[in-house]
Amino acid sequence: MGVIYIGDRETGKTHLVLELANPKGNYVKVTRPDYQFLRGVFLDLELGSPKATGSIAPEGIFEQYIEVNVTLPTGEKMIALDWLDTPGEIWRKSWQDKQPDEWKGFLETIRKAEGIMLILPPYRDIIKPTSQVNLADFITRQQWCNRFDRWLEFFQQDCPKIRHLLLCLNKADLLPIDLEEEARKLAFNPDFQPMTWQERDNYVFQRYFRPIHPQINQLNRSIQGLTIRCFITSIYNRKLLELPWIYLGSHLAK
């Protein structure tokens with residue numbers, strides 16, 4: 001059993017994986033496939049931006065197997081990762097009825113996973129006003145909550161045996177925070193841990209995931225044995241980028 005890497009469109013999933021695969025890592029390194037291969041598959045080298053999923057898998061779901069090596073105080077741990085990139089239509093009953101084999105395969109892959117890493121975008125209301133981005137490209141807080149309701153329903157109905165669910169609020173560099181200070185506070189240090197995993201989770205949960213507290217609490221209650229952990233991630237901070245993977249390396253079955 002491995003880990004599934006998934007999320008909505010335009011959340012920065014591709015950039016996260018490419019940056020994770022950058023050889024300049026600390027405790028986390030992608031060992032297979034190599035960095036240049038991933039760049040060639042997912043990056044439009046002329047534009048310097050990720051390719052649209054439709055251009056990689058025009059017929060439906062795209063899947064890429066990746067091996068991630070995590071260096072822990074107790075030794076090294078390899079995480080087998082299946083990155084599933086899906087068309088937005090996959091959640092529509094009409095798409096599922098027209099593509100029954102793909103939908104079935106998608107569910108089978110999800111259900112065999114020991115952990116799921118869900119990448120979430122920031123919502124419009126939380127982005128700092130000085131960010132050099134078009135706020136219209138981001139959904140509102142209410143739309144963000146509504147979208148998570150769909151994930152809640154999906155996890156409850158189709159992932160009853162999941163044990164680890166990591167919620168990653170990506171593009172944390174757009175938030176009104178001192179990114180370096182947050183990273184210093186939350187970072188993994190093999191010699192000294194200023195926070196336990198539970199304390200990190202509680203801090204991030206309270207500060208960044210407040211709009212969906214009810215849904216997260218409901219999910220915790222509805223799936224027996226499930227552990228949910230909340231993270232913030234950014235391609236511009238390696239400490240935050242690596243933290244979810246270090247957690248997985250520390251907690252997945254040996």
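The legends below describe several close-up views of one predicted model. Residues are numbered from 1 along each chain as its sequence is written, and side-chain values use heavy atoms, with hydrogens and water left out. Because the model is predicted, local features need pLDDT of at least 70 and side-chain atom pairs count only at pLDDT 80 or more, while totals for chains, interfaces and linings use all residues.

**View 1. An open sheet of seven strands, with mixed pairing.**
The strands follow the order β2-β5-β6-β1-β7-β8-β9, where strands (E, at least two residues) and helices (H or I, at least four residues) are DSSP runs numbered from the N terminus. Two strands pair if DSSP finds at least two bridges between them. The edge strands, each pairing on one side only, are β2 (28–32) and β9 (227–232). On average, neighbouring strands of this sheet are turned by 25° against each other, direction ignored. Strand β1 (residues 3–7) and strand β6 (residues 75–85) run parallel and are joined by three bridges; V3, for instance, has L81 in β6 as its bridge partner.

**View 2. Helices α2 and α8 against the sheet.**
Helix α2 (residues 35–42) lies across β2, β5 (62–72) and β6, and runs at about 150° to β5. Helix α8 (residues 197–208) packs on the sheet too, where it touches β8 (164–169) and β9, and its direction makes about 65° with that of β9. Such angles run from 0 to 180 degrees between N-to-C directions, and the axes are lines fitted to C-alpha atoms, for helices over the stretch in contact. Contact means heavy atoms within 4.5 Å.

**View 3. Helix α7 beside α10 and α8.**
The axes of helix α7 (residues 179–186) and α10 come within 9 Å and cross at roughly 40°. From α7, the residues L179, A183 and L186 make the contact, and from α10, K239, L240 and L243. By class, this contact of α7 with α10 has five nonpolar, no polar and one charged residues; here Ala, Val, Leu, Ile, Met, Phe, Trp, Tyr, Cys and Pro count as nonpolar, Asp, Glu, Lys and Arg as charged, and the others, Gly among them, as polar. The axes of α7 and α8 are 10 Å apart, and these two helices pack at an angle of about 150°. In this contact, E182, K185 and L186 of α7 meet R200, Y203, V204, R207 and Y208 of α8, and the classes are four nonpolar, no polar and four charged residues.

**View 4. The largest cavity, with a volume of about 60 Å³.**
On a 1 Å grid over the protein atoms alone, a cavity is a set of points where a 1.4 Å probe fits but cannot get out, whereas a pocket is an open set with protein on both sides within 12 Å along at least five of seven lines, and lining residues have an atom within 4 Å of a point. Grid points are joined across faces, edges and corners, and a volume is the space filled by probe spheres set on the points. The structure holds five cavities of 30 Å³ or more. Residues lining the largest cavity include Y5, M117, C168, T233 and W245. Two or more lining residues come from each of α1 (13–21), β7 (115–120) and α10 (238–251). The lining divides into 10 nonpolar, one polar and no charged residues.

**View 5. The second largest cavity, with about 50 Å³ of space.**
Its lining is made by D8, L120, P121, I139, W144, R147, F148, W151 and I212, and α6 provides the largest share, four residues. Seven of the lining residues of the second largest cavity are nonpolar, none polar and two charged.

**View 6. The second largest pocket, with a volume of about 180 Å³.**
The pocket is lined by W91, Q96, W103, R147, R150, E153, F154, Q157 and D158. Helix α6 (residues 141–158) gives the most to this lining, with six residues. Three residues of the lining are nonpolar, two polar and four charged.
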